[in-house]
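Good morning. I will take a few minutes to walk through one model, part by part.

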Amino acid sequence: MAGKKPRMVGVVMGGICGERDVSLSTGACVVSNLLSAGHAPTPVCIHADGSWEIGPRLADLPVDRGGEDWFHGDSTTARDATGLLVSQGVDCIFNALHGPGGEDGTIQGFLRVAGMPFTGPDVTPAALTMDKALTKAVLDQAGVRTPRGFEIPILTDARSEESWGALALEMSAKLPFPWIVKPNCLGSSVGIQLLQSIEEFLSAAAANGSHWCPSPGLAGSGFIVEELVEGRELTCGVLELRQGDLKALPPVEIRPKSSEFFDYQAKYTPGATEEICPAQLDEDTTRAVQELAILVHKTFHCDPLSRTDIFLTEEGELVALEINTLPGMTETSLIPQSALAAGISLPELFDQLVSHAIQREAMRKAVGTL
Ligand SMILES: Nc1ncnc2c1ncn2[C@@H]1O[C@H](COP(=O)(O)OP(=O)(O)O)[C@@H](O)[C@H]1O
Ligand SMILES: [Mg+2]
């Protein structure tokens, strides 16, 4: 990025949730592309126990390897690590986390209070969009169609076989099978199941019920039961690198080759899914998908970036599944592919996300707010 000021960037990756491995891949890709953009990245790992480790300095970084390989040193608390990064002159945190703790407003609030610029969404959009049931409620208000279904709220203790049975009967009276069952506050398709009957639901509940509700007792930690939407699966990114300047990226079509839906295996096994970028849609449909993605993005104030998962039904209706505010950012991830199709390279994109973060924090300081 000729002429740009090189920045020291702490790239935070890993995390405490089931999306940890995906985050380590995103982190490795961010580090190498920030280097290409002329910045000075320092990898920072949040270990599975919540401790933080500042990785090797630039000169010692084996950029051909990533993920866990970078982190074998001492770990410390989040507060001390952040203090250390500030004292080392780090200008900005690049948030390469996904899922709970990273994409749900938690780290955003922590970094905001610490006065440290960070990439990606601010506290409110992160917190709201991580919660799929809340997302659906807000989208309903905005007139956006989402799959029919319901949230099964917090479970404070393990359910008995009878109580799963009663729940299944009650739900099946309102929503015919097949069902999609998914955790309310997770991503990367972790814990999602397609179920065809009450029997399948009950045996899945006995085997996997705890995955549907990973943190019983905590707000928003229940699960969702939804109708199976059928049609073409699309996803559409929106960039807002300057406030109000929204640009929808080309939609991508997702066709898992052997999985019944875009599950974890289909998402992360190379070659398991055909991803068609840009999606082969007529002009009107492309525009409608992009307009929907922009509406969703605006509704949740998702600057600088969002990716909305959308189904196009056989009747030509668009159904919004969910919003990602920190989508995967490996070379082969969906946003990097569609950014490239729009002429934006990864070094350029990451450079602009860093600038956005620094400007947002400067604006906050200028108006005197946290
Ligand atoms: N109601 C649904 N109908 C059809 N497929 C669904 C539905 N909900 C989820 N899926 C499938 O599961 C995948 C992951 O679900 P999603 O809601 O996007 O959660 P995640 O945050 O894990 O990506 C989707 O990409 C889609 O293939
Ligand atoms: Mg999704």
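What we have here is a predicted model.

In what order do the strands of the open four-stranded sheet come? The order is β5-β8-β6-β7, and the pairing is antiparallel. At the edges are β5, residues 149-152, and β7, each of which pairs on one side only. From one strand to the next, the twist averages 20°. For anyone new to this, strands of a sheet pair through backbone hydrogen bonds, and the pairing can be parallel or antiparallel.

Now look at β6, residues 179-183. Four of its five residues are buried, so this strand is largely enclosed by the rest of the structure. With β7, residues 193-195, strand β6 forms three bridges, and the two run antiparallel. One partner pair there is V181 with Q193 of β7. With β8, residues 223-227, strand β6 has five bridges, again in the antiparallel sense. In that pairing, I180 stands opposite E226, and K182 stands opposite I224.

Which strands does α7 lie across? They are β6, β7 and β8, and the helix runs at about 165° to β7.

Helix α7, residues 198-212, also packs with helix α6, residues 161-174. The angle between them is about 140°, and their axes are 10 Å apart. The crossing of α6 and α7 is right-handed. On the α6 side, the residues that meet α7 are W164, G165, A168 and S172. On the α7 side they are I198, F201, L202 and A205. Six of the residues in this contact are nonpolar, two are polar, and none is charged.

After α10 comes G343, which has a positive phi, near 85°.

Last, a single residue, G67. Where does G67 lie? It is in the loop between β3, residues 52-54, and α2, residues 78-87. Is G67 buried, partly exposed or exposed? G67 has 18 C-beta neighbours inside 10 Å, and therefore counts as partly exposed. Leaving aside neighbours within four places in sequence, G67 is in contact with L24, S25 and A28. G67 and M13 are 54 residues apart in sequence, while their C-alpha atoms are 8.3 Å apart in space.

That is the end of my part; please find these residues in the display.

Key. Residues are numbered from 1 along each chain as its sequence is written. Chains are lettered from A and ligands numbered from 1 in the order in which they are written. This is a predicted model: local features need pLDDT of at least 70, side-chain atom pairs count only at pLDDT 80 or more; totals for chains, interfaces and linings use all residues. Axes are lines fitted to C-alpha atoms, for helices over the stretch in contact, and angles run from 0 to 180 degrees between N-to-C directions. A crossing is left-handed if the near helix is turned anticlockwise from the far one by less than a right angle, and right-handed if clockwise. Two residues are in contact if their C-beta atoms, placed from the backbone, lie within 7 Å. Ala, Val, Leu, Ile, Met, Phe, Trp, Tyr, Cys and Pro count as nonpolar, Asp, Glu, Lys and Arg as charged, and the others, Gly among them, as polar. A residue is buried if 20 or more other C-beta atoms lie within 10 Å of its own, exposed if 12 or fewer, and partly exposed in between; C-beta atoms are placed from the backbone. Two strands pair if DSSP finds at least two bridges between them.
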